[in-house]
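Here is a tutorial on reading helices and their contacts.

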Amino acid sequence: MTRFLARLIFAALGLALAAYLLPGVSYNGLTDLLIAALLLGVVNAILRPILFVLTLPLTIVTLGLFLLVLNAAMIGLVAWMLPGFTVDGLVPGILAAIITGLASWVGGIVIGDAKR
């Protein structure tokens with residue numbers, strides 16, 4: 001449970017950093033930010049693997065760059081589902097996906113592996 005909460009916090013920090021750095025990403029408050037991080041985790045756990053398999057040929061042709069678009073689509077879907085979190089366009093979505101992904105990666109390093 002603590003690992004889940006730590007990952008949620010790192011995802012929320014990534015979204016907050018994206019909103020701070022990018023003019024096209026915003027949220028209304030801390031509650032909306034935490035809900036957005038939770039929804040992003042759920043969307044990435046359920047929908048992203050299905051879309052990854054369906055778009056695998058396109059991902060291979062673009063040498064993996066299409067994954068940025070897929071991650072931006074997941075953030076855009078969260079913004080569509082949650083009125084307090086907004087992403088205005090594809091470019092802010094891609095940049096937010098990069099920032100959030102880096103924050104989650106750092107969080108994974110800090111939290112460590114569950115198998116240890």
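Q: Let me start with one residue. Which residues does Thr100 touch, not counting residues up to four places away in sequence?
A: To read a residue, list what it contacts. Thr100 touches Ala11, Gly14, Leu15, Leu40 and Ile75, once residues up to four places away in sequence are left out. Thr100 itself sits in helix α5. Keep in mind that this is a predicted model.

Q: Is Thr100 buried or exposed?
A: Look at relative accessibility. Under 20% means buried. Thr100 has 5%, so it counts as buried.

Q: Which other residues of α5 are buried?
A: Read along the helix and pick them out. The buried residues of α5 are Pro92, Gly93, Ile94, Ala96, Ala97, Ile99, Thr100, Ala103 and Gly107. Next, ask what lies over them. The cover includes α1, β1, α2, α4 and β2.

Q: How many residues does α5 have, and how far does it reach from its first C-alpha to its last?
A: Compare the reach with the expected span. α5 has 22 residues and reaches 31 Å from first C-alpha to last. That is close to the 32 Å expected at 1.5 Å a residue.

Q: Which residue has a positive phi although it is not a glycine?
A: Start with the general rule. Most residues other than glycine have a negative phi. Now the case here: Leu63 is not a glycine, yet its phi is positive, about 55°. Leu63 is in the loop between α3 (56-61) and α4. With a relative accessible area of 79%, Leu63 is exposed.

Q: Now for pairs of helices. At what angle do α4 and α5 pack?
A: Take the angle and the distance between axes together. Helix α4 (residues 66-81) and helix α5 (residues 90-111) pack at about 100°, and their axes are 8 Å apart. Angles of 65 to 115 degrees count as roughly perpendicular. So α4 and α5 are roughly perpendicular to each other.

Q: Which residues meet where α4 contacts α5?
A: List each side in turn. From α4 come Leu68, Val69, Asn71, Ala72 and Ile75. From α5 come Leu90, Gly93, Ile94, Ala96, Ala97, Ile98 and Thr100. Sorted by class, this contact of α4 with α5 has 9 nonpolar, 3 polar and no charged residues.

Q: Let me look at one of them. Is Ala72 buried or exposed?
A: Ala72 is found in helix α4. Its relative accessible area is 7%, so Ala72 is buried. Ala72 touches Leu90, Gly93, Ile94 and Ala97, not counting residues up to four places away in sequence. Sequence distance is another thing to read. Ala72 and Leu95 are 23 residues apart along the chain, with their C-alpha atoms separated by 7.9 Å.

Q: At what angle do α1 and α2 pack?
A: Helix α1 (residues 2-21) and helix α2 (residues 30-54) pack at about 115°, with axes 8 Å apart. They are therefore roughly perpendicular to each other. The crossing of α1 and α2 is right-handed.

Q: Which residues of α1 and α2 meet?
A: On the α1 side they are Phe4, Leu8, Ala11, Ala12, Leu15 and Ala16. On the α2 side they are Leu33, Leu34, Ala36, Ala37, Leu38 and Leu40. By class, the contact of α1 with α2 has 12 nonpolar, no polar and no charged residues.

Q: What does Leu38 touch, not counting residues up to four places away in sequence?
A: Leu38 lies in helix α2. It touches Phe4 and Leu8, with residues up to four places away in sequence not counted. Its relative accessible area is 39%, so Leu38 is partly exposed.

Q: One last pair. At what angle do α1 and α5 pack?
A: Read angle, handedness and classes in order. α1 and α5 pack at about 145°, with their axes 8 Å apart. Their crossing is right-handed. The residues of this contact of α1 with α5 divide into 12 nonpolar, 5 polar and 2 charged.

Methods. Residues numbered from 1 in each chain as written. Predicted model: local features only at pLDDT ≥ 70, side-chain atom pairs only at ≥ 80, totals over all residues. Heavy atoms only, no water. Axes fitted to C-alpha atoms, helices over the stretch in contact; angles between N-to-C directions. Helix = DSSP H or I, 4+ residues; strand = E, 2+ residues; numbered from the N terminus. Parallel < 35°, antiparallel > 145°, perpendicular 65-115°, else oblique. Contact = heavy atoms within 4.5 Å. Nonpolar A, V, L, I, M, F, W, Y, C, P; charged D, E, K, R; others polar. Left-handed = near helix turned anticlockwise from the far one by under 90°. Buried < 20%, exposed > 50% of the residue type's maximum accessible area, 1.4 Å probe, protein only. Expected span 1.5 Å × (residues − 1).
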